[in-house]
Amino acid sequence: MATTPINDAAPVPVPPQQPSSTNKDNASTEASQPEQQPSQLTPTTTTTFTHALPAPFNTPSSSSTPAPTLITQGAEALLYRTTFLTASTPAALKFRPSKPYRHATLDARLTKQRVLAEARVLVKLASLRNDPTNEVNVPAVLALEWDVARKVKGGGGLGQRGGGGGGGKEGQVNGARGGAWLLMEWIEGASVKDLLRGFDGWVAGLKGRVEKTDGGDAVEDDAVVKRRKIQQQQEHEEENIKALLRRIGRAVGALHSQGGVIHGDLTTSNIMIRPLSSSSPSSSPPSTSSSSLPPDLTGAIYLIDFGLATQSMQDEDRAVDLYVLERAFGSTHPRQEDWFDAEVLQSTDGYRGSFKGAGVVLKRLEEVRLRGRKRSMVG
Ligand SMILES: Nc1ncnc2c1ncn2[C@@H]1O[C@H](COP(=O)(O)OP(=O)(O)OP(=O)(O)O)[C@@H](O)[C@H]1O
Ligand SMILES: [Mg+2]
C-alpha cells in the first residue's frame with residue numbers, strides 16, 4: 001500500500017489490524033463522552049479554512065499541489081478534498097483537531113482511538129475486496145497520523161507510534177494544536193441523504209407540473225393523459241428508490257456478516273453512492289437536487305465514517321446498529337419512512353436475505369425498539 005500523503009511528504013505506515021476485541025473497548029470508553037454527536041454535519045461547500053491544517057497539508061498551494069478544500073465540518077472532524085501523490089488523484093482528508101476544552105491526555109487518547117478504529121476497520125473491510133461475494137465497499141486508506149502534536153515535542157518521526165499524552169498543550173504545528181488525520185480514497189458521489197432529498201425535490205417539481213396541467217389544456221383528455229404519465233414516472237422512480245433501500249439493507253448485512261463490523265453511526269449521510277461511470281477522478285458527482293431530473297441512483301454503495309465502529313458478531317450489537325439507522329432514517333426522510341422496514345430490513349433482497357442469521361437480528365431489533373420506546377417515555 002502506498003503511504004505518502006501528498007507529493008513531498010514523508011511516508012506514514014498504516015498500522016496493522018489489531019485483534020477483534022480492541023475496538024470494542026474503545027467504543028465503551030467513547031460512549032461515555034458527553035460531547036459525542038454523531039453525524040450532525042451541516043454540508044457546505046467552501047474553500048475557507050476554519051482550522052489550521054497540520055503538516056504536510058499546510059504547505060502553500062501551488063499549481064502542482066493545490067490547497068485542500070474544506071467540504072464539511074462535523075462535530076468531530078473536518079473533511080477536506082485534497083490530492084494524493086499526483087495532482088489528478090483526489091483524496092479525502094479527515095482531520096480531527098484536538099479539542100481545547102477537553103483534558104489534553106484524554107483528548108489525545110480519544111482522538112487516537114477514533115482515527116485508529118476508523119483506519120483499522122477500513123483496512124479490514126478493504127481486504128474483503130478480493131472475495132467475489134463481497135458487497136461492502138469502503139474508501140481505501142492511504143495514510144494516517146494520530147498524533148499531530150508529537151512532531152513538535154521531538155518525539156520522533158511520522159512512522160513512530162504515538163505516545164499516550166500526545167495532544168499536549170505545548171504542541172502547535174504551524175497553527176494546528178494537535179489532533180489526528182486520516183487520508184482516504186476520494187469517493188466521487190453523493191450521500192444517500194442528498195439523493196433522497198433530491199428525490200423529494202424532484203417529486204415536488206412533478207406535483208407542480210400536475211397542477212399546471214389542471215385547466216391548462218383545452219381538451220380535458222390531454223390533461224388526464226399528462227397526469228397519468230407523470231404519475232407513472234413518479235411510481236417508476238419510487239420503485240428505484242425502494243430498490244436502492246434494499247441494496248442498502250444488503251450492504252449493511254454484508255458489513256455485519258462478511259465484515260464482522262458494527263458501524264456505530266449508520267445514517268444516510270454515511271452511505272454514499274458512487275456512480276458507475278465515476279472511476280475517472282475528474283467525473284462529476286450524480287445530480288441530487290435538480291427538480292427536472294430524478295436523482296441518479298445507479299452506482300456502487302460505499303459506507304463511510306467508521307470513527308465509532310467496533311468489531312462484533314453479537315446479535316444485540318447488530319440490532320442496535322440497525323436501530324440507529326432506522327431512527328436516523330425516520331427523522332431525516334419522513335416521506336420515505338414507511339418504506340424503511342419493508343425494503344431495508346424485511347425484504348429478502350435487503351437485510352433479511354443478506355445472511356443466515358439476519359432473522360435472529362431482526363427479532364432482536366424488536367426488543368431494542370421496545371427498550372428505545374420505554375426509554376423515551378421515561379424521558
Ligand atoms: N472518502 C470520501 N470521499 C468523498 N467524500 C467523503 C469521503 N469521506 C467523507 N466524505 C464526505 O464528508 C462528509 C463527512 O465525512 P464523515 O462522515 O467521515 O465525517 P464526520 O461525520 O464529521 O465524522 P465523525 O462523525 O466521525 O465526526 C461525508 O458525509 C461525505 O459527504
Ligand atoms: Mg458522517
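A residue is counted as near a molecule if its C-beta atom, placed from the backbone, lies within 6 Å of that molecule. In the predicted model described here, 24 residues surround ligand 1. The closest of these are Gly74, Glu76, Ala92, Asp305 and Gly307. By class, the shell consists of 12 nonpolar, 7 polar and 5 charged residues. Strands β1 (69-73), β3 and β5 each contribute at least two residues to the shell. Both domain 1 (22-185) and domain 2 (190-378) are represented around ligand 1, each by at least three residues.

Strand β5, one of the contributors to the ligand shell, spans residues 179-185 and is mostly covered, with 6 of its 7 residues buried. Strand β5 pairs with two strands considered here. With β3 (residues 86-97), the arrangement is antiparallel and comprises 7 bridges. With β4 (residues 141-145), the pairing is likewise antiparallel, and 4 bridges join the two strands. Tryptophan 181 of β5 takes part in both pairings: it is the bridge partner of phenylalanine 95 and also that of glutamate 145.

The largest nonpolar core of the model contains 76 residues. Those with the most contacts inside this core are Ala91, Leu93, Leu144, Leu182, Leu183, Ile248 and Ala251. Helix α4 (residues 220-257) supplies the largest share of the core, namely 8 residues. Because domain 1 (22-185) and domain 2 (190-378) both give residues to the core, it lies between them. For leucine 182, when neighbours within four places in sequence are left aside, the contacts are Lys94, Val115, Glu118, Ala119, Val141 and Leu144. Leu144, one of these contacts, is itself listed among the core residues with the most contacts.

Leucine 78 belongs to strand β2 (residues 78-84). This residue has 21 C-beta neighbours inside 10 Å and therefore counts as buried, the threshold being 20 or more. Apart from neighbours within four places in sequence, leucine 78 is in contact with His51, Leu70, Gln73 and Phe95. Phe95, in turn, is the residue whose bridge partner in β5 is tryptophan 181. Leucine 78 and tryptophan 181 are 103 residues apart along the chain, and their C-alpha atoms are separated by 9.4 Å.

Methods:
Residues are numbered from 1 along each chain as its sequence is written. Chains are lettered from A and ligands numbered from 1 in the order in which they are written. This is a predicted model: local features need pLDDT of at least 70, side-chain atom pairs count only at pLDDT 80 or more; totals for chains, interfaces and linings use all residues. A residue is buried if 20 or more other C-beta atoms lie within 10 Å of its own, exposed if 12 or fewer, and partly exposed in between; C-beta atoms are placed from the backbone. Two strands pair if DSSP finds at least two bridges between them. A nonpolar core is a set of buried Ala, Val, Leu, Ile, Met, Phe, Trp, Tyr and Cys residues joined through C-beta atoms within 7 Å. Domain bounds come from an automatic or database domain assignment. Two residues are in contact if their C-beta atoms, placed from the backbone, lie within 7 Å. Ala, Val, Leu, Ile, Met, Phe, Trp, Tyr, Cys and Pro count as nonpolar, Asp, Glu, Lys and Arg as charged, and the others, Gly among them, as polar.
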